[in-house]
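Please look over the sequence and the structure below before reading on. The report that follows goes through a selection of local features, one group at a time.

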Amino acid sequence: MYKLKTQAEWIAQAKAVLPAGGFGNFDPEVIIAKGEGSHVWDEDGNKYIDYLIGSGPMLLGHGHPEVLEAVYEQLPKGMTFFANNSQGIALADAICQAVACCQQTRFVTSGGEADMYAIRLARAFTGKTKILKFEGGYHGMSAEAQMSLAPAKAVNFPHAVPDSAGIPTSVAEQMLIAPFNDLDAVASLLAEHDDIAAIIVEPLQRIIPPQPGFLAGLRALCDKHQALLIFDEVVTGFRLAYGGAQEHYGVTPDICTLGKIIGGGFPLAAVGASEDIMRHFDKAIVGADQWLMQLGTLSGNPVASVAGLKTMEILRREGSYQQLRRFGKSLQDMQVSALTKAGIAHQLCGDETLFDIFFTDVPCLDYRSANHKRPDQAAAYQAALRQHGVLKPPSKLYPSLALTDQDLEHTSHAVDKAVDAVVSLG
Ligand SMILES: Cc1ncc(COP(=O)(O)O)c(C=O)c1O
C-alpha cells in the first residue's frame, strides 16, 4: 500500500539525491507540502504563517482564487510556445505602463538572468566595460553578480572578491565595489575611472534602506559621467509600490530588472528600459556588432504571463498597498515593542513591505553594519518563531496581502515566545 513519507524520510532522500540535501535556497530541514493563503504546511502536517512567501513572489498569498482561475483557463490552451503570444505581450504592456523607466521590456526566466542582460545591455549602450556594484548587493548568480556579494572578510574598496568558485579573476578586474549609502565613495570611483558602463544597485539593498538623497545622488553622478543607472527591482518591483522602488523613492533609473511578483509564482523575469537603450536587442536597428543576442525557451511563457497579469490587476485595486503597509507596520511594531520591553538591543531595518530585525545597537547603513552583533540571539529568535508556527527567511520578513488579523495575533504570540528565548540566553 502507498505510504506517505514523513518529513524525516524526505530529508533523508533529499540528502541522497541533492547536494547539501537541498535546492540551495532555504533550510533543507523543512519540506513544504502545501501552501494556502497566508499559510504553508510541512510534510509532517505542521502549519506555519508564511513570511517567506516563495522568497517574494506570492505577495497575494498561496493559491489566490483569481490567479488560479486565470491559470486554469490558460492551461488547456497551451503551457509554452516559445513563439510570441498575446498573454506575454499583454504582460509587457502592463509592465511598461506601470514602471517609469520601461518603454520596452524583454522577458527571461529568472531575476539573475535579467540582471546579467542588464549589465550586458549597459556595456553595449555605453561602449564601456566596468560595472560598479555595492558590497552585499544581490543580483543573481552571474560571474559579475557574485562579486563581493557576501564577503567573509573585509577587503579594501573597490577591490572585488568572488563569492563563488569557478569565476575567472579577469571578471573581478571589470568590477568596482563600493559601500552602499556612501555617495562620496561612488563619486570618487566615477571620477577616477572613465570606463564605467553602469552602476547596478538594489534600491533597497537586501533590507537596508537608501539614505535620503543616495539614489538621487547616484542618478546625478551617472548623468555626469555618462554611465547608466541600473535598479535591480527583482524584489522591490510591484512590492514597494505598484511602480516599484523607482515610484516609491522618486528616482528613475535607465534600466531596471523585474522578477518574482510579475510571474505570479511562475518562472518569469524581465529587463526593461527606454526604446533607445532596448534597441540593442533589435539587430535590424543596431546591426550585428551592437546587437545583444537574447532568447530563452520559456521567455514570455503564457501561464506565467496570465498569473502575473492577474496578480498585477489585483494589486491595482484600491487600497492594496496601504493594506500591505498596514500589515508590515503592525509586524514591525509588535517586534520592536516586545524587544524594547525586554531591554534587548536591536535595530529594525527595511521598509514596511520587507524588513527584519538585527540584534545590534549599530544602525544598518551598509553590508558591514547590517549585521547581528549577537548571532546567538538571532538564531534563538528565529528558531523560537519557527517552533511557534512562524516561517521566515533568516534575514528577511515578507508580509503578504493574504494575512489576517488572526495571523497577526498568532505572530505576536510567537514573537513574545521568541523574545523570551532571547532573554533566557542572558
Ligand atoms: C535583488 C535580487 N536580484 C536578483 C535576484 C535573482 O532572482 P532569481 O532568483 O529569480 O534569479 C534576487 C533573488 O532573490 C534578488 O533578490
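## Salt bridges and their surroundings

Arg-219 counts as buried because its relative accessibility is 15%, where buried means under 20% relative accessible area, exposed means over 50%, and partly exposed lies in between (1.4 Å probe, protein chains only). This is a predicted model, in which local features need pLDDT of at least 70 and side-chain atom pairs count only at pLDDT 80 or more, while totals for chains, interfaces and linings use all residues. Residues are numbered from 1 along each chain as its sequence is written, and side-chain values use heavy atoms, with hydrogens and water left out.

The side chain of Arg-219 meets that of Asp-254 in a salt bridge, with 2.8 Å from N to O; a salt bridge is defined as a side-chain nitrogen of Lys or Arg within 4 Å of a carboxyl oxygen of Asp or Glu. This pair links distant parts of the chain, since Arg-219 belongs to helix H7 (residues 214-224) and Asp-254 to the loop between helix H8 (244-249) and strand E9 (255-258), 35 residues apart. Helices (H or I, at least four residues) and strands (E, at least two) are DSSP runs, numbered from the N terminus. Asp-254 also counts as buried, because its relative accessibility is 18%.

A salt bridge also joins Glu-352 and Arg-325, whose closest N and O atoms are 3.3 Å apart. Here too the pair links distant parts of the chain, with Glu-352 in the loop between strand E11 (347-351) and strand E12 (354-358), and Arg-325 in helix H12 (residues 320-341), 27 residues apart. Glu-352 counts as partly exposed because its relative accessibility is 22%, whereas Arg-325 is buried, with a relative accessible area of 18%.

Why are Asp-333 and Lys-329 separated by about one helical turn? The two residues are four residues apart in helix H12, so about one helical turn lies between them. Asp-333 is partly exposed at 38% relative accessibility, and Lys-329 is partly exposed at 37%.

| Pair | N to O distance |
|---|---|
| Arg-219 and Asp-254 | 2.8 Å |
| Glu-352 and Arg-325 | 3.3 Å |

How many salt bridges does the structure hold? The structure holds 20 salt bridges, and a network of salt bridges links Glu-66, Lys-310, Glu-313 and Arg-317.

The axes of helix H3 and helix H11 (residues 302-315) come within 8 Å and cross at roughly 35°; axes are lines fitted to C-alpha atoms, for helices over the stretch in contact, and angles run from 0 to 180 degrees between N-to-C directions. The crossing of H3 and H11 is left-handed, a term used if the near helix is turned anticlockwise from the far one by less than a right angle. Among the residues of H3 that meet H11 are Gln-87, Gly-88 and Ala-90, and the H11 residues include Pro-302, Ser-305 and Met-312.

Leu-75 lies in the loop between helix H2 (65-74) and helix H3 (86-98), and counts as partly exposed because its relative accessibility is 31%. Together with Leu-68, Tyr-72 and Met-79, Leu-75 forms a nonpolar patch on the surface, with about 390 Å² of accessible area in total. Patches are made of residues with over 30% relative accessible area and no salt bridge, like charges being joined within 9 Å and nonpolar side chains (Val, Leu, Ile, Met, Phe, Trp, Tyr) within 5 Å. Accessible areas come from the Shrake-Rupley method with a 1.4 Å probe, and for residues only the protein chains shown count as cover.

## Backbone details in loops

Ile-53 has a positive phi of about 35° although it is not a glycine. This residue lies in the loop between strand E3 (47-50) and H2, and Ile-53 is buried at 1% relative accessibility. Ser-148, likewise not a glycine, has a positive phi of about 50°; Ser-148 lies in the loop between E5 and H5 and is buried at 2% relative accessibility.

A cis peptide bond, with omega of about 5°, joins Phe-157 and Pro-158, and Pro-158 lies in the loop between strand E5 (130-134) and helix H5 (169-173).

How values were computed
Contact means heavy atoms within 4.5 Å.
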